[in-house]
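I opened a new notebook page for this chain. The entries below follow the order in which I looked things up.

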Amino acid sequence: MRSSRQFSEDAEILSVTPLLFGVLYISIRVGLANVAPITDCDEVYNYWEPLHFLHHGSGMQTWEYSPKFALRTYAYLMPMLGLSR
C-alpha cells in the first residue's frame, strides 16, 4: 500500500511536469523562430513598413492599410508602436 507521502511526491512531480514541458516547448519555438528565414515578403512589408510609417510619419504605406482599400487594421500595430517609442 502506498503512503500519503508517496502520493504527495507523485502529485508534486505531476504539477511540475506541465510547467517543464511548457518551458521546453516555448524554448524550442523561440529557438526555431530565430533561425528560420522569412519566406514571405508580406511578413516584412505588411507589418514593418506600416509600423515605420506610423512611427516616423514617412515611408511606404502598403495598399492593405490605405484608406481606399482598408483590408487591414492598425489595431495590431498600435501596441508595437507603443513599444517602439
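I took helices (H or I, at least four residues) and strands (E, at least two) as DSSP runs, numbered from the N terminus. By that reading, Ile-28 is found in helix H1, residues 4–35.

Entry on sources. I noted that this is a predicted model, where local features need pLDDT of at least 70 and side-chain atom pairs count only at pLDDT 80 or more, while totals for chains, interfaces and linings use all residues. Residues are numbered from 1 along each chain as its sequence is written, and side-chain values use heavy atoms, with hydrogens and water left out.

Entry on the whole chain. I counted 4 helices and 0 strands in the protein chain. From the N terminus on, the order of elements reads α-α-α-α. For burial I used these cut-offs: buried is under 20% relative accessible area, exposed is over 50%, and partly exposed is in between (1.4 Å probe, protein chains only). Of the 85 residues of the protein chain, 11% count as buried. I took areas from the Shrake-Rupley method with a 1.4 Å probe; for residues, only the protein chains shown count as cover. The accessible surface of the protein chain comes to about 7200 Å², and 66% of this belongs to carbon and sulfur atoms. A contact means heavy atoms within 4.5 Å. Among contacts in the protein chain between residues at least 6 apart in sequence, 34% join residues at least 24 apart.

Entry on the surface. Which residues form a nonpolar patch on the surface? I found Phe-21, Leu-24, Ile-28, Leu-32 and Val-35, with about 520 Å² of accessible area together. Like charges are joined within 9 Å and nonpolar side chains (Val, Leu, Ile, Met, Phe, Trp, Tyr) within 5 Å. Ile-28 counts as partly exposed because its relative accessibility is 45%.

Entry on Thr-62. I placed Thr-62 in the loop between helix H3 (48–56) and helix H4 (77–84). Is Thr-62 buried or exposed? Thr-62 counts as buried, because its relative accessibility is 8%. Leaving aside neighbours within four places in sequence, Thr-62 is in contact with Tyr-45, Asn-46 and Pro-50.

Entry on Glu-64. Glu-64 also has its place in the loop between H3 and H4. I found Glu-64 buried yet without a salt bridge; Arg-72, the nearest side chain of opposite charge, is 4.4 Å away. For charge, Lys and Arg count as positive and Asp and Glu as negative, while His and the chain ends are not counted. Beyond four places in sequence, Glu-64 is in contact with Asn-46, Ala-70, Leu-71 and Arg-72.

Entry on two of those partners. Ala-70 lies in the loop between H3 and H4. Ala-70 has a positive phi of about 50° although it is not a glycine. Most residues other than glycine have a negative phi. Leu-71 has its place in the loop between H3 and H4 and is exposed, because its relative accessible area is 55%. Leaving aside neighbours within four places in sequence, Leu-71 is in contact with Trp-63 and Glu-64.

Entry on aromatic rings. I paired rings of Phe, Tyr and Trp (its six-membered ring) if their centres lie within 6.5 Å; planes under 30 degrees apart count as stacked, over 60 as edge-to-face and the rest as tilted. The count comes to 3 aromatic pairs. One of them, Trp-63 and Phe-69, is edge-to-face, at 5.5 Å centre to centre with 85° between the planes. Tyr-65 and Tyr-74 form a tilted pair, at 4.9 Å centre to centre with 40° between the planes. Tyr-65 is buried, with a relative accessible area of 4%, whereas Tyr-74 is partly exposed at 21%.

Methods:
Patch = residues over 30% accessible without salt bridge, like charges linked within 9 Å, V, L, I, M, F, W, Y side chains within 5 Å. Salt bridge = Lys/Arg side-chain N within 4 Å of Asp/Glu carboxyl O.
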